Amino acid sequence: MVLITGASTGVGLELVKILRNQPYRVVATARPSSCERFGSQGIVESEKLKIKPLELGELDTHSAVVSEIYQEWGAVDVLVNNAGISYRASAEDMSQAEELDQMTVNYLGPMNLMRTVIPYMRKQRSGRIINVSSVGGMMAMPTMGSYSASQWALEGASEALW
């Protein structure tokens, strides 16, 4: 079973499109306000595909979503942390709220999901975690300091888990 965050657009959506035609069960997640996008892309729930709303920035909701998946399908074999946001602004123009939101969605959210699934993966003695970041996690640009910081944090945590 593959759990994908940020699956309503971009890389996440393309991954859902590929995996739905393979012998995998997939849970595609997106912000509640973005879940309607799946239908317009021809993505509908089936025996092998579930769509679940997940607000990555609301850390206290993660365990309920993961518990629901385990109750229904018994495992998360692969977690793909793909969701992310980017605010572009120079350091002095970035608000504290935007900075915290960016760090929460891009780093704290994926870390919380990993902490939630790792005990299950250890118990089943298998599992993979794929964290999707960006080149911003290796080099910074003047208007993307906070974004790069969140991506560097995810890169560092991923390396430590590896």
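# Exercises on a predicted model

In this predicted model, the largest nonpolar core has 24 residues, of which Met1, Leu3, Ile69, Val76 and Leu79 touch the most other members.

**Exercise 1.** Find which elements give two or more residues to this core, and which gives the most.

Solution. 
- Step 1: Two or more core residues come from each of helix H3 (62–73), H4 and helix H5 (145–161).
- Step 2: With seven residues, H4 gives the most to this core.
- Step 3: As background, nonpolar side chains in soluble globular proteins tend to be buried together.

**Exercise 2.** List what Ile69 touches, leaving out residues up to four places away in sequence.

Solution. 
- Step 1: Ile69 is one of the core residues that touch the most other members.
- Step 2: With residues up to four places away in sequence set aside, Ile69 touches Met1, Leu3, Val27, Lys52, Gly74, Ala75 and Val76.

**Exercise 3.** Describe the length and the bend of helix H4.

Solution. 
- Step 1: H4 covers residues 96–124, which is 29 residues.
- Step 2: From first C-alpha to last, H4 reaches 40 Å, close to the 42 Å expected at 1.5 Å a residue.
- Step 3: At Thr104, H4 bends by about 45 degrees.

**Exercise 4.** Work out how H3 and H4 cross, and which residues make the contact.

Solution. 
- Step 1: The axes of H3 and H4 come within 10 Å and cross at roughly 30 degrees.
- Step 2: The crossing of H3 and H4 is right-handed.
- Step 3: On H3, the contact is made by His62, Ser63, Val66, Ser67 and Tyr70.
- Step 4: On H4, the contact residues are Gly109, Asn112, Leu113, Thr116, Val117, Tyr120, Met121 and Gln124.

**Exercise 5.** Is Thr116 buried or exposed?

Solution. 
- Step 1: Thr116 is found in helix H4.
- Step 2: The relative accessible area of Thr116 is 16%.
- Step 3: Buried means under 20%, so Thr116 is buried.
- Step 4: Leaving aside neighbours within four places in sequence, Thr116 is in contact with His62, Ser63 and Val66.

**Exercise 6.** Locate Arg125, then state its phi and whether Arg125 is buried or exposed.

Solution. 
- Step 1: Most residues other than glycine have a negative phi.
- Step 2: Arg125 is a residue other than glycine, yet its phi is positive, near 60 degrees.
- Step 3: The relative accessibility of Arg125 is 77%; exposed means over 50%, so Arg125 counts as exposed.

How values were computed: Residues are numbered from 1 along each chain as its sequence is written. This is a predicted model: local features need pLDDT of at least 70, side-chain atom pairs count only at pLDDT 80 or more; totals for chains, interfaces and linings use all residues. Side-chain values use heavy atoms; hydrogens and water are left out. Helices (H or I, at least four residues) and strands (E, at least two) are DSSP runs, numbered from the N terminus. The expected span of a helix is 1.5 Å times one less than its number of residues. The bend at a residue is the angle between axes fitted to the seven residues ending there and the seven starting there. A nonpolar core is a set of buried Ala, Val, Leu, Ile, Met, Phe, Trp, Tyr and Cys residues joined through side-chain atoms within 4.5 Å. Buried means under 20% relative accessible area, exposed over 50%, partly exposed in between (1.4 Å probe, protein chains only). Contact means heavy atoms within 4.5 Å. Axes are lines fitted to C-alpha atoms, for helices over the stretch in contact, and angles run from 0 to 180 degrees between N-to-C directions. A crossing is left-handed if the near helix is turned anticlockwise from the far one by less than a right angle, and right-handed if clockwise.
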